[in-house]
Amino acid sequence: MFRASTARRDIMKCAVIDMSSTGVSTVIAEGDKATGIFEAVYKERINIAVADYFDGRSIGARGIEKLIDALITARSTVKAMGAEECYVISTAALRNIDNIEEVAVKIRKRTGIVINYLDGVTEAYCDFMSNRKYAAYDRVVLIDIGGGSVELCDFSKDSKDEMVCLDFGPIKLRNKYVADIFPTDEEAKRIKKFLRKKSDDAKLAGKGKFSTAVLVGSINDAVYATFREYCELKKTNTDFTYDKFKKFAGWLMESPDRTRLVMKTAPEKIHVLPVATLILKELLKRFKLDNIVVSDSGVKEGYLSLVASGREQGIPVNLDMSVPHYGFDEPEPEKSKKNKPTANKKSDKKSGGKKQSDAKTGKKKSNGEKQATEKAAAKSPEKSAKRTVKTEAEGK
């Protein structure tokens, strides 16, 4: 839970870095670890359109490199701001990709970071914990549309087991139903049919159960920002009601100006925003809400409260370790191997044999090869042997 201030003596500074389908975001907060009450003092987001490097099943090499670069930057910021503890988390959008093990290994090799994966129920519970202040509103439902899942929290229930996670998100639905960026009328109909069936299967409440929706997460933030720009374009007020949002969703599916508007407000989310808008519209339609609010707290803040107070367990980042990092049990990068000399005096006879063979075939060594051989031969056998053993050990 986050509050405006803390009065206890044992104040500490903690951070959470979240890897998602649209970027790497960081929150740094000060608070009391014993109670899990923290106040956010710094927030930052590095936008990455991971979907640009996603083939529907796996993230490509360039996408992995961009994630690593963003994590290194976020980690450096956390350390520079004096955080005592830091955790890196990942939710459904990355947790469910086919090559997540490859991504995790490369991140660990380069940064030393071990990713803490949150399951859907834990993700929803983190959302709930960071937004309990909205319990004062009438009949509240929390909606978090992530890239790979949708979390729903009924504020009349506070047990983790009662949180709801729907196993789809805009990335999955776009890959399944949409041929381009924006759905066609027919594609949108198929998505709506899918959403209604999934909502019925999950036994989501209908009209009358909830009065207020709390929208959480960066995708909902982007949808809301684009909605506000739409209102400005149409010269209307920005009251967030279902009827007005329905008109916005229809405009987003049809208008020739839609791409320009999304690129103005949330360019990194253009791959997920149109389908996310359809998801949100269907949920708001189902619940028939009177009030819609947008929260600035989400999974990161909730996870920090839970892990700091010991209600969740996480592996922290070693902030004292230098980066780039290559573990002692990992092979060094190819560049380093190429720079290591391998010739020594004990191999002179073999080198001589190679020279004779070259002479028979008419091949000649270049000046560079001769110089390298002469320099290598000048090295002591003892040092060369040690270097050879070290190279072999590293290669295992």
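I sorted the lining of the second largest cavity by class: 6 residues are nonpolar, 1 is polar and 1 is charged. Here Ala, Val, Leu, Ile, Met, Phe, Trp, Tyr, Cys and Pro count as nonpolar, Asp, Glu, Lys and Arg as charged, and the others, Gly among them, as polar. The lining residues are Val150, Leu166, Phe168, Leu195, Ser199, Ile279, Glu282 and Leu283. Helix 10 has the largest share, 3 residues. The volume is about 40 Å³.

The model is predicted: local features need pLDDT of at least 70, side-chain atom pairs pLDDT 80 or more, while totals for chains, interfaces and linings use all residues. Numbering runs from 1 along each chain as its sequence is written, and side-chain values use heavy atoms, without hydrogens and water.

My terms for spaces come from a 1 Å grid over the protein atoms alone: in a cavity a 1.4 Å probe fits but cannot get out, a pocket is an open set with protein on both sides within 12 Å along at least five of seven lines, and lining residues have an atom within 4 Å of a point. Points are joined across faces, edges and corners, and volume is the space filled by probe spheres set on them. Helices (H or I, at least four residues) and strands (E, at least two) are DSSP runs, numbered from the N terminus.

Next, the largest pocket. Its volume is about 530 Å³. It has 32 lining residues, with Ser25, Arg45, Gly217, Ser218 and Lys300 nearest its centre. I count the lining by class as 6 nonpolar, 15 polar and 11 charged.

Then the cores, meaning buried Ala, Val, Leu, Ile, Met, Phe, Trp, Tyr and Cys joined through side-chain atoms within 4.5 Å. Buried is under 20% relative accessible area, exposed over 50%, partly exposed in between (1.4 Å probe, protein chains only). In the largest core, of 50 residues, Ile143, Leu173 and Leu284 touch the most other members. Helix 10 supplies the largest share of this core, 9 residues. A second, separate core has 29 residues, including Val16, Phe38, Leu118 and Tyr303.

Last, helix 9 (residues 258–265). Which of its residues are buried? I find Arg258, Leu261 and Val262.
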